[in-house]
Amino acid sequence: MTKHGVVLEDVAEPRHFSFPPPRTATAVGGGDSCRKLATQVDLGAAVVGSWLDSMKASSPRHRLMAPLPGAADAEHDDWMVERHPSALDRFDALAAAAKGKQVAVFLDYDGTLSPIVEDPDRAVMTDEMREAVRCVAASFPTAIVSGRCRDKVFSFVRLAELYYAGSHGMDIRGPTADPNDRGKAESESSVLCQPASEFLPVMEEVYAALVSQVEPSIPGVKVENNKFCLSVHFRCVEEHAWEALFEQVRAVLKDYPGLRLTQGRKVLEVRPMIRWDKGKALEFLLSALGFADAADDVFPIYVGDDRTDEDAFRVLRARGQGAGILVSRFPKETSASFTLRDPAEVKEFLSKLVVVNASTS
């Protein structure tokens with residue numbers, strides 16, 4: 001069966017593969033294999049000024065304050081034409097370039113499958129998007145790779161046939177036959193990788209400290225426990241309080257040298273200080289699917305909107321295969337090769353993948 005998809009930057013001659021992939025590859029189980037990929041990394045202290053600049057740059061509200069109506073769209077169009085064309089506009093040509101390879105689909109959740117909302121607990125995907133993802137998973141191995149807790153993102157998506165990589169890939173499991181499983185029960189057939197499991201007690205302790213010390217003192221802040229990472233959402237925090245928020249989070253972390261602070265879209269994130277991210281999760285999942293020694297036969301498509309997705313985009317660029325697709329209405333530095341504007345375009349892109357697959361089956 002021939003699969004079609006989207007290509008990363010320079011297009012090579014089509015390669016061939018068999019489908020479905022070996023979902024019970026030796027990498028499944030993940031205990032030792034994922035630990036070999038996760039090594040300690042030493043990171044320097046953050047500079048307050050640069051962090052504040054970065055927090056502002058990641059704010060969509062700043063980019064929305066265009067001086068003229070349509071200016072943001074015009075800037076985006078120029079950026080797409082010159083460097084990051086639309087994955088929809090280039091779909092036919094790029095689909096042909098993927099002919100003969102196994103397509104595997106990797107999707108971020110917030111901002112990709114659901115719109116960004118002020119309350120992270122209300123980031124619900126539409127039934128139409130769920131059906132689009134369901135159809136994609138029926139055609140290709142499909143994974144959700146999110147900074148969210150694995151159980152939380154499963155409660156939003158509610159599709160048992162997917163792979164789920166929560167906590168920025170630090171909590172991975174494979175499909176389950178039971179749709180009522182809700183992603184919690186483990187089984188021998190699941191892909192399972194938890195390279196930071198020893199950090200769980202510390203993460204619980206720091207979560208309690210952030211809730212008791214930061215939430216009451218900074219109006220609008222919300223701390224979310226995502227199991228192997230903690231998210232400090234500042235989307236509803238006034239900009240004048242961002243510096244105080246950053247300093248308070250740093251003050252909590254000063255007693256935990258094994259943790260590091262990173263930043264996403266209107267969120268500060270506390271993670272274990274190990275060399276693991278969405279890019280490592282992508283590599284692990286490709287290995288679990290049986291492509292560790294068959295890289296020429298797979299065509300990964302990764303769709304995401306956040307700076308944390310850049311690690312996965314860089315992996316695809318380094319491998320010289322597949323497609324990194326950034327979801328954004330605004331020009332930004334990225335290692336992705338293509339763009340989509342919003343979840344509506346993501347849904348359209350996923351639907352086109354399914355249609356093309358059906359027409360060539």
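A salt bridge is taken here as a side-chain nitrogen of Lys or Arg within 4 Å of a carboxyl oxygen of Asp or Glu. The model is predicted, so that local features need pLDDT of at least 70 and side-chain atom pairs count only at pLDDT 80 or more, whereas totals for chains, interfaces and linings use all residues. Residues are numbered from 1 along each chain as its sequence is written, and side-chain values use heavy atoms, with hydrogens and water left out.

The structure holds 18 salt bridges. One of them joins the side chains of D305 and R265, at 2.5 Å from N to O. This pair links distant parts of the chain, 40 residues apart: D305 belongs to the loop between strand 10 (298–304) and helix 11 (310–319), and R265 to the loop between strand 8 (259–264) and strand 9. Helices (H or I, at least four residues) and strands (E, at least two) are DSSP runs, numbered from the N terminus. D305 is buried, with a relative accessible area of 2%, while R265 is partly exposed at 24%; buried means under 20% relative accessible area, exposed over 50%, and partly exposed in between (1.4 Å probe, protein chains only).

A further salt bridge connects D108 and K278 (3.3 Å, N to O). Because D108 lies in the loop between strand 1 (102–107) and helix 6 (127–139) and K278 in helix 10 (residues 278–288), the pair ties together parts that are 170 residues apart in sequence. D108 counts as buried at 4% relative accessibility, and K278 counts as buried at 2%.

Of its 25 lining residues, the closest to the centre are D110, I116, H233, R265 and V267. A cavity is a set of points, on a 1 Å grid over the protein atoms alone, where a 1.4 Å probe fits but cannot get out; lining residues have an atom within 4 Å of a point.

Finally, eight strands form an open sheet in the order 5-4-3-2-1-10-11-12, with mixed pairing; two strands pair if DSSP finds at least two bridges between them. Strand 5 (192–193) and strand 12 (338–340) are the edge strands, each pairing on one side only. Strand 11 (residues 323–327) runs parallel to strand 12 over three bridges, and I325 stands opposite F338 in strand 12.

Methods. 1 Å grid on protein atoms, 1.4 Å probe; cavity = no way out; pocket = protein on both sides within 12 Å on 5 of 7 lines; lining within 4 Å.
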